[in-house]
Amino acid sequence: MKRKAISGPEHKKEYNKNMILLTGGIGAGKSTIARNAVKRLLDEKSIAPDDLFGYTTERLVNASGALEGFEIVTSGGERCLLASTKRKTPHKYMGLFVNMAAFDKTLTAEFERAKKYPRALIHIDEIGQMEKMSPRYIAMLTDLLKNYKTPVIAVVKLAPGDDFLDKIKNLVNAELFTVTESNRRTVEIEVYEKLSAAVKKFI
């Protein structure tokens, strides 16, 4: 399906709850809930594969299963090394060297494309501490979340005193779900319903 570009101002209309944020502890099911909601919309043909933007974060391990880094994979299949134990950069986080330059370039291009298309759905898994090290990425993402009505479902790493999470969860168009083992089934149903409504309203 060929995408038809539209101008940015058409996105800046009245705010709705178009941004779904998922946070919670490790293993609570945040990423699974987001993936299932997006998959269901694709299966129902509420969105087409070409309408999906964003990225997932994949672990890189060696033959013995030890962590060697993380890779960003965009919805279009583009891959970018986010962090590595071997490829040294000036930026380091918990024993990993963060590849901020390539990361900025790849994701800035991905989100700039998303802002220009009328049926875009953005799926972000995840906004973690390494991603938050990039002022360019955070500024670009904050602008997207605040000023465009594009539907977004994003997993945000839970961290005490997190200024970024505190800022975006209070946006008028955002709804934050804290996922636990006990509530994840209920949350998954509600998240799908909210995202489906946002997609239909946006289209």
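**Entry 1: strand β1**

I started with β1, where M19, L21 and T23 point one way, I20, L22 and G24 point the other way, and all are buried. Buried here means under 20% relative accessible area, exposed means over 50%, and partly exposed is in between (1.4 Å probe, protein chains only). In a regular strand the side chains alternate between the two faces of the sheet. I noted that β1 covers residues 19-24 and that 6 of its 6 residues are buried.

Ground rules before going on. This is a predicted model, so I kept to pLDDT of at least 70 for local features and 80 or more for side-chain atom pairs, while totals for chains, interfaces and linings use all residues. Residues are numbered from 1 along each chain as its sequence is written, and side-chain values use heavy atoms, with hydrogens and water left out. Helices (H or I, at least four residues) and strands (E, at least two) are DSSP runs, numbered from the N terminus.

**Entry 2: who pairs with whom**

Which strands does β1 pair with? It runs parallel to β8 (residues 152-156) over 4 bridges, and parallel to β9 (residues 174-179) over 6 bridges. I count two strands as paired if DSSP finds at least two bridges between them. L21 has A154 in β8 as its bridge partner, and L22 has F177 in β9.

Next I looked at β7 (residues 121-127), where 6 of the 7 residues are buried. β7 pairs in the parallel sense with β2 (residues 52-61) over 5 bridges, and there Y55 stands opposite I124. Another 5 bridges join β7 to β8, also parallel, with H123 opposite I153. Between β7 and β8 the chain passes through helix α3 (residues 135-147), and this β-α-β crossover is right-handed. The handedness test: with the strands pointing away from the viewer, the path from the first strand over the helix to the second runs clockwise.

**Entry 3: helix α1**

I checked the length of α1 (residues 30-43). Its 14 residues should span 20 Å at 1.5 Å a residue, and the end C-alpha atoms are 20 Å apart, which agrees. The expected span is 1.5 Å times one less than the number of residues.

Which residues of α1 are buried? They are K30, I33, A34, A37, V38 and L41. Down the helix axis these buried residues fall within an arc of 125°, so they line one face of α1. The arc is taken from the directions from the helix axis to the C-beta atoms. An α-helix has 3.6 residues a turn, so residues three or four places apart point the same way. Just after α1, K45 takes a positive phi of about 65°.

**Entry 4: L158**

I found L158 in the loop between β8 and α4. L158 is partly exposed, at 47% relative accessible area. L158 and G24 sit 134 residues apart in sequence, yet 5.8 Å apart C-alpha to C-alpha. Leaving out residues up to four places away in sequence, L158 touches T23, G24 and L165; contact means heavy atoms within 4.5 Å.

Of the 203 residues, 47% count as buried.

pLDDT is the predictor's confidence in each residue, from 0 to 100. The protein averages 84, and 90% of residues score at least 70. Where is confidence highest and lowest? It is highest in α1, at 95, and lowest in α4 (residues 163-169), at a mean of 75. Over residues 1-15 pLDDT is below 50, though this stretch has 33 contacts in the model beyond near neighbours in sequence. Where pLDDT is low, the predicted coordinates should not be read in detail.
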